[in-house]
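This report is meant for someone meeting the structure for the first time. Please look over the sequence and the model, then read on.

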Amino acid sequence: MEDNKFEEVFEGKLAKNEMVEPKDWMPDNYRKHLIRQISQHAHSEIVGMLPEGNWITRAPSLRAKVVLLAKVQDEGGHGLYLYTAAETLGISRDELLNNLHTGKAKYSSIFNYPTLTWADIGAVGWLVDGAAIMNQVMLQRTSYGPYARAMVRICKEESFHQRQGFEIMTHLSFGTADQKAMAQDALNRWWFPTMMMFGPPDSESPNSENAIKWRIKRETNDQLRQKFVNQTVPQVEYLGLTVPDANLKWNEAKKGYDYSEPNWVEFKNVISGNGPCNKQRLLARNKAHNEGAWVREAAQAFARKRKEIYEAA
Amino acid sequence: MSDNQGPVWEIFLQKKAGQPFVHCGSLHAFDKEMALQNARDLYTRRGEGVSIWAVPSNAIVASSPEDIGPFFEPSNDKVYRHPTFYQIPDAIGHM
Ligand SMILES: [Fe+2]
Ligand SMILES: [Fe+2]
């Protein structure tokens, strides 16, 4: 088949809402776009373990500790599902990790903010996982098969993540005045960074058009952001807390809330490496990888030796 | 330093005894034991399976998408492989 014939088959698949599979022909830019998006997503899951891991040893009860451990372990799993999905596009795990460790690849800007108090663990589960779920529910129907299947598995696991975060917020918000203040403080710090997770406004989002055309994404950044605000505000009200946005108000005409845009200058600064924790996160990832090198080497040597013995016998 | 992650394995899970094994994803591991242990940790954290198959990816032989037409064609015109091809007298009822 000639190239344009292949292209026809590819376009036909998208038009019929069918999935593209690893061995199918796909345009180079589609492949590149997917590698970038899936690997960023994978890196976000892995780096996302750091701000929460920060509180495992200081969780206020044994119950809170086992819950947080299970949650962080799930995120590690999500990273691995996504790395293997990216690898089906012809990039190796080593290359993917190397891109993260050298700072060449990006991950979600949200994980460059610090988790200062226990309430932050509540806010992260509730808001950050909540925003991630909104995006991931959409991606369950993304056009690339391995990515979509990883998303289905991830979405099943995510719902407990958001609930455990909201439970922490509930305990604090209905607790003592100090605890409630702690919850409000966490909401104040996490609201706008969470809003940034959906990416720049549609008018300034360079990759959006292709992503929609190729059915990688099915909703735009602004649509998802609006959905998130609509879903979250009633939950804030239930907790008796206040969204740190003076412009937030219900708009009957659009059946949604009007809200302030996050500070996009701050967003650009954080993704280009100058957020509060960028350096710390990258150092921690490099340290873990380098200090784990002996484990990989030992496992490899063990497998090789056993194979030799087996073959000699 | 080459940072080897080990070969890729395809993982199949059996949900319940008696059911077929279904592909659920892949992972890296250096040997069989590690493949099974990693599969347990990665794909069965919530009782998703009672049995695991781990198969080295490079051992899998797959048909290619371009084959769809010619490769599966031989079965398309054999309607007599389906029960609906045959007429059973009304008097016999269900068969
Ligand atoms: Fe996750
Ligand atoms: Fe999560």
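## Where the two chains meet

In this predicted model, the interface of chain B and chain A holds six salt bridges, a salt bridge being a side-chain nitrogen of Lys or Arg within 4 Å of a carboxyl oxygen of Asp or Glu. One salt bridge joins the side chains of A:Arg306 and B:Glu33, with N and O 2.6 Å apart. Strand 2 (21-28) and helix 1 (32-43) of chain B each give at least two residues to the side of chain B that touches chain A; helices (H or I, at least four residues) and strands (E, at least two) are DSSP runs, numbered from the N terminus. Between chain B and chain A, nine residue pairs are in polar contact, both residues being at pLDDT 80 or more. A polar contact is a pair of N or O atoms within 3.5 Å; within protein, one must be able to donate a hydrogen and the other to accept it, and residues adjacent in sequence count only if both atoms are side-chain atoms.

The contact (heavy atoms within 4.5 Å) draws 23 residues from chain B and 25 residues from chain A. About 2,100 Å² is buried between chain B and chain A, and carbon and sulfur atoms give 49% of this area; buried area is the accessible area (1.4 Å probe) that two parts lose on being put together, summed over both. Of the area that chain B buries against chain A, B:Gln5, B:Phe30 and B:Arg45 supply 26%, more than any other three residues.

The iron ion (ligand 1) is coordinated by A:Glu45 (OE), A:Glu75 (OE), A:His78 (ND1) and A:Glu158 (OE), at 2.1 to 2.4 Å. Donors are N, O and S atoms within 2.8 Å of the metal (3.2 Å for Na, K and Ca), and water is not among the atoms, so sites may look incomplete. Because its four donor atoms subtend angles of 80 to 161 degrees, the arrangement around the iron ion (ligand 1) is irregular. A:Glu45 in helix 2 (residues 28-47) and A:Glu158 in helix 7 (residues 145-173) of chain A are 113 residues apart, so that the pair links distant parts of the chain. Both A:Glu45 and A:Glu158 are buried, that is, under 20% relative accessible area, where exposed is over 50% and partly exposed lies in between (1.4 Å probe, protein chains only).

A:Glu75 coordinates both iron ions, which are 3.4 Å apart. A:Glu75 and A:His161 are buried.

Over all chains, the whole structure has 24 salt bridges. A:Lys71 forms one with A:Glu52, the closest N and O atoms being 2.7 Å apart, and another with A:Asp129 at 2.9 Å, N to O. A:Lys71 counts as buried because its relative accessibility is 1%; A:Glu52 is buried at 2%, and A:Asp129 is buried at 4%. A network of salt bridges links A:Glu52, A:Lys71, A:Glu75 and A:Asp129.

Residues are numbered from 1 along each chain as its sequence is written, while chains are lettered from A and ligands numbered from 1 in the order in which they are written. Local features need pLDDT of at least 70, side-chain atom pairs count only at pLDDT 80 or more, and totals for chains, interfaces and linings use all residues, while side-chain values use heavy atoms, with hydrogens and water left out.

Terms used: Four donors count as tetrahedral if all angles lie between 85 and 135 degrees; four count as square planar and six as octahedral if opposite donors are over 155 degrees apart and all others between 65 and 115; anything else is irregular.
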